[in-house]
Amino acid sequence: MKSALHSTAWDLTRFRVPAIRHLAWMCQAAQLSDSPLAFDLRSQLPLGTLETLQGWDAMPATAPAALLEPAHPRLGYYFERLYECLLRDLLGWQVLARNLPIRNQIRTLGELDFILRNPHTGSVEHHEIAVKFYLGYVEPSDNEDPTKVHWYGPNAVDRLDLKTARMLEHQSQRTLLAESVAALDLLGVEESVKPRIFMPGYLFYSEANSVTLPVGVPQDHQRGRWAYLEAVRAMDTTCWVHLRKPHWLGPWVQSATPDPHAVLATLEQIALMHTPRLFASMQWDASTALWIEQERLFIVPAKWPC
């Protein structure tokens, strides 16, 4: 099978329908793990994928219904919906089950994100998926050692190494449970199931520290910057916009001029609520008459990650 991924990256800012732009980003984004279990989506895309997406964007009525529904407020659920659309409508895979519950006689042990049949091999695959965002933090006591980096999620509870280990060692291996075998048998799946993970996202680097690339993360991963709220005083925030979910996926574009007053109000909320916020630095593009994201930045409160 020939891949639709070319040496020249797609210009995602040309997509006007947000969900289609997000889907196109998923087709292009590197994962945050180079494990052999990582699903190499980019090599699976058939020729004509870009043209298909462009056609849906030009005539949204022809796009799958899932791309036209209101975005779910929880990014994880929205991401799952897009992944199902990607597999079914772009790759032509059969979705046998989504969020299949695994239960014993007492309680629910967990879920299997996706059970799929690969039309090219005929085999059944189990995919566990997540989209993640991590900020590289160096403990003050380790400031002279850039290898001792903790990659925290914005809420500082989630962590890259822990999530990756859980995906690879626990979530992707759930089909080995006797309860999973029984659930799959009810679907008519009696053969062995191949485990895969899919975890794209962004890593955010701090200018205050020189940090090394995390072990097991591909070089071409998506990047951004992060800074403490105090450091924003030295930054030009005139052309920033606050990025809200689900627009954490892929580049942001807008026709309206960025509102610096709205940005200042959001920065004040960081201090009041002690909650990180994601921003995009925008630049005017005369050829499209649009403001286009140039860089994304997480701004965190003074005591983060505590």
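Trainee: Does Glu293 count as buried or exposed?
Mentor: Buried means under 20% relative accessible area, exposed over 50%, and partly exposed in between, with a 1.4 Å probe and protein chains only. Glu293 has 13% relative accessibility and therefore counts as buried. Please note that this is a predicted model, in which local features need pLDDT of at least 70 and side-chain atom pairs count only at pLDDT 80 or more, while totals for chains, interfaces and linings use all residues. Residues are numbered from 1 along each chain as its sequence is written, and side-chain values use heavy atoms, with hydrogens and water left out.

Trainee: In which strand does Glu293 lie?
Mentor: Helices (H or I, at least four residues) and strands (E, at least two) are DSSP runs, numbered from the N terminus. Glu293 belongs to strand 12, which covers residues 290-300. The protein has seven helices and twelve strands.

Trainee: What does the side chain of Glu293 reach at 2.8 Å?
Mentor: A polar contact is a pair of N or O atoms within 3.5 Å; within protein, one must be able to donate a hydrogen and the other to accept it, and residues adjacent in sequence count only if both atoms are side-chain atoms. At 2.8 Å, the side chain of Glu293 reaches the backbone nitrogen of Trp252. A polar contact of 2.9 Å also joins the side chains of Glu293 and Arg296.

Trainee: With which residues is Glu293 in contact, leaving aside its neighbours within four places in sequence?
Mentor: Contact means heavy atoms within 4.5 Å. With those neighbours left aside, the contacts of Glu293 include Leu243, Gly250, Ala280 and Met282.

Trainee: How is a pair of aromatic rings described?
Mentor: The distance of the centres and the angle of the planes describe such a pair. Rings of Phe, Tyr and Trp (its six-membered ring) pair if their centres lie within 6.5 Å; planes under 30 degrees apart count as stacked, over 60 as edge-to-face and the rest as tilted. The structure holds 18 aromatic pairs. In one of these, Phe79 and Phe198 have ring centres 6.2 Å apart and planes at 5°, so the pair is stacked. This pair links distant parts of the chain, with Phe79 in helix 4 (residues 75-90) and Phe198 in strand 6 (residues 194-198), 119 residues apart. Both Phe79 and Phe198 are buried.

Trainee: Which residues do ring pairs link into a cluster?
Mentor: The cluster consists of Trp25, Phe133, Tyr202, Phe204, Trp248 and Phe298.

Trainee: Over which ring does the charged end of Arg296 sit?
Mentor: A charge sits over a ring if NZ of Lys or CZ of Arg is within 6 Å of the ring centre and within 35 degrees of the ring normal. The charged end of Arg296 sits over the ring of Tyr202, 4.3 Å from its centre. Likewise, the charged end of Lys245 is placed over the ring of Trp248, at 4.8 Å from the centre.

Trainee: What is the phi of Ala156?
Mentor: Ala156 is not a glycine, yet has a positive phi of about 65°. The loop between strand 5 (149-152) and helix 5 (160-169) holds Ala156, which is buried at a relative accessible area of 17%. His274 also has a positive phi, near 55°; at 60% relative accessibility, His274 counts as exposed.

Trainee: What radius of gyration would a compact globule with 306 residues have?
Mentor: The radius of gyration is taken over C-alpha atoms, and the globule rule is 2.2 Å times the number of residues to the power 0.38. A compact globule with 306 residues would have a radius near 19 Å; the protein has 21 Å, which agrees. Buried residues make up 51% of the 306 residues.
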